[in-house]
Amino acid sequence: MTQTTSAHHAGGTAAAPAAPARYDAVVRAAVGQGLLGESDPVAGFIDTEGVRASVGALHDAFAATPGVLHTFAAKACSLIPVLRLLADSGMGCEVASPGELRLALEAGFPASRIVLDSPAKTREEIRLALALGVAVNADSLAELRRIDALRNPSTSSVLGLRVNPQVGGGSIGPMSTATDTSKFGVALCDPGAREAIVEAFRARPWLTRLHAHVGSQGCPLELIAAGVARTYELAEEINAALGVRQITSLDIGGGLPVNFVDETVRPTYADYVAALTAAAPGLFSGRYALVTEFGRSLLAKNGFIGARVEYTKDAGGRRIALTHAGAQTATRTVLMPDAWPLRIGAFGPDGTPKDGPLLAQDIAGPCCFAGDVVAYGRELPELAEDDVVVLYDTGAYYFSTPWAYNSLPRPAVYGFRVAGPAGAVTFATVRGPQSLDSIAAESGLAHADALMERND
Ligand SMILES: Cc1ncc(COP(=O)(O)O)c(C=O)c1O
C-alpha cells in the first residue's frame with residue numbers, strides 16, 4: 001500500500017480524514033476518570049480486545065498451514081503487559097536487542113518461542129541466546145563465524161541466516177529493508193553471494209533456517225511477496241545443492257503495511273497470504289515450518305494517544321494548537337510528517353467529540369523545536385484551551401517508543417476494555433506516567449558531582 005499524505009507541510013490546509021467514533025466513549029471515560037487531565041496531559045491507550053481480535057485474524061489467515069509460529073516484533077510495542085497479552089493470545093516474540101529479550105522473558109514467552117534478530121549482536125548477546133535456547137537469525141556471514149565459535153552443540157536454539165532478497169524499496173526510504181544497499185542480511189543478488197550462502201549452509205549442518213524481512217510501512221504487498229518468494233526459491237536451491245532437506249523452516253518476517261487513512265484494515269492478513277501464495281505456491285505446502293514477525297499490523301489500529309490542548313495562538317495567519325502530543329510520543333510523524341500522517345480527532349474538555357465549523361489548524365507539540373508539529377493545516381472543529389486531541393492508529397511505534405527530548409516524561413499507557421450492554425469502559429495501567437524523580441535518576445542524579453573535579 002502506498003501512503004496517502006493528508007498533511008501539507010508546506011502550508012496548505014488538509015481535509016480532515018474521518019475520525020472514528022468507535023473510541024469516543026473511551027476518550028470520555030479517560031477524561032472522566034482523570035487519566036487525562038491537568039497533571040497528566042498525554043497518555044497512550046490500547047484496545048486489549050482489539051489486540052486479541054487482530055491476533056485471531058492473523059491465526060485465521062494461516063489456519064490452513066499447521067504449526068506456524070507467529071511472533072510479535074517487540075519493537076512495535078515494547079511494554080511487558082502488552083507482550084504478556086500477546087503471549088496469552090498465542091503469539092511468540094521477535095526481539096532485536098538484549099532489552100527486548102529481557103522484556104520477552106519477563107512477559108512469559110518461553111525461550112523456544114522467541115527469535116533474536118538484529119544486525120549488531122554482540123558475542124555476549126549471542127552466547128545468552130544460545131544458552132537460553134532462543135532462535136537466532138544471523139545477519140551476516142561474519143556473524144555466522146562468531147556463532148561457529150560460540151555454539152555449544154547441545155544448544156536447542158534454531159539457527160538461521162537472514163538474507164536481503166534485494167527486491168527494492170517502498171514509498172518510505174528509511175523503512176525499506178530490501179533495497180540493493182540495505183544494511184540488513186546477506187545481499188542475495190550481489191556477485192558471489194548465492195554461492196557463498198550455499199557454502200555457508202554446507203559447512204554448517206546445524207544451520208536450518210532462512211530469514212528475510214521485507215518491509216516495512218510503505219512496501220506494497222507484491223514487493224513483500226516477491227522478497228519471500230526469492231527466499232523460498234533460495235531454500236529450495238540450497239536443499240537441492242546439499243542433497244538433503246537441511247533448511248526446515250523459513251522465517252518470512254513481518255512488514256504488513258497499515259492503512260493510516262481511515263478505519264479499514266487493509267491489506268488484511270488474508271490478502272497477505274493470498275499474495276504470498278501467488279508468488280510462492282509451495283510456501284504453504286508444509287515443506288517448511290513457517291515463522292512470521294508482524295508488529296505494526298497487529299497493534300497500530302488498536303491504540304491511540306490522547307493529549308490536552310494547553311493553549312492556542314495565531315501566527316502569520318495560521319492557527320496553532322499547542323498540545324502535549326509532540327515528538328516525544330509521535331516521533332516519526334513529527335520528523336517525517338509526509339510519510340507518517342495521522343488522523344486526529346477533536347474533543348472538548350469533558351472528552352466529548354467537538355463539532356462546529358472546520359478550521360485549518362497546526363497541531364503542535366510541547367517540544368522546544370519549531371518542527372514539533374504532528375499535523376499542519378488540519379481542518380478540525382476549532383480547538384481551545386483544555387480541549388483534547390486524539391491521534392489515532394498509534395498503537396505501534398508511538399507512545400510505546402517515546403523520545404526523551406526536553407526531558408519530557410514517558411506518557412502513561414492504559415489498556416482498556418468496553419463491556420456490557422451499557423458499554424462500560426474499564427482501564428488497566430500498563431505503565432504509569434514517568435515521575436520527575438525518575439527523569440532525574442535517568443539523567444545522572446546519582447553522579448551529580450561526577451564532573452566537578454578540575455585540572456588546577
Ligand atoms: C527483523 C524485523 N522483523 C519484523 C519487524 C516488524 O515489522 P512490522 O512492524 O512492519 O510488521 C521488523 C521491523 O523493523 C524487523 O526489523
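Reader: How much space lies in the largest pocket?
Author: About 660 Å³. Keep in mind that this is a predicted model.
Reader: Which residues are closest to the centre of that pocket?
Author: K75, F184, H213, R332 and Y397. They belong to a lining of 30 residues.
Reader: Which helices and strands each supply at least two residues of that lining?
Author: Strand 10, at 289–294, does. So do helix 10 (296–299) and helix 11 (331–335).
Reader: How does the lining divide by class?
Author: Twelve residues are polar, nine are charged and nine are nonpolar.
Reader: I need distances for polar atoms. What does E293 do?
Author: A polar atom in the E293 side chain lies 2.7 Å from a ligand nitrogen.
Reader: What about the ligand's oxygen atoms, say at Y397?
Author: An N or O atom of the Y397 side chain is 2.6 Å from a ligand oxygen. At G295 a polar backbone atom is 2.9 Å from an oxygen atom of the ligand.
Reader: How much of the ligand does the protein bury?
Author: 92% of the 390 Å² that the ligand exposes when taken alone.
Reader: Switching to backbone geometry. Which peptide bond at S216 is cis?
Author: The one from G215 to S216, with omega near -10°. S216 is in the loop between strand 8 (207–211) and helix 8 (221–242).
Reader: What joins R266 and P267?
Author: A cis peptide bond, with omega about -5°. P267 sits in the loop between strand 9 (249–251) and helix 9 (269–279).
Reader: Why flag those?
Author: Because most peptide bonds are trans, and most residues other than glycine have a negative phi.
Reader: On phi, then: what is the value at Q166?
Author: Positive, about 50°, and Q166 is not a glycine. Q166 lies in the loop between strand 6 (159–164) and strand 7 (186–187).

Terms used: Residues numbered from 1 in each chain as written. Predicted model: local features only at pLDDT ≥ 70, side-chain atom pairs only at ≥ 80, totals over all residues. Heavy atoms only, no water. 1 Å grid on protein atoms, 1.4 Å probe; cavity = no way out; pocket = protein on both sides within 12 Å on 5 of 7 lines; lining within 4 Å. Points joined across faces, edges and corners; volume = space filled by probe spheres on them. Helix = DSSP H or I, 4+ residues; strand = E, 2+ residues; numbered from the N terminus. Nonpolar A, V, L, I, M, F, W, Y, C, P; charged D, E, K, R; others polar. Polar contact = N/O pair within 3.5 Å; in protein donor to acceptor, adjacent residues only side chain to side chain. Areas by Shrake-Rupley, 256 points an atom, 1.4 Å probe, with all protein chains shown as cover.
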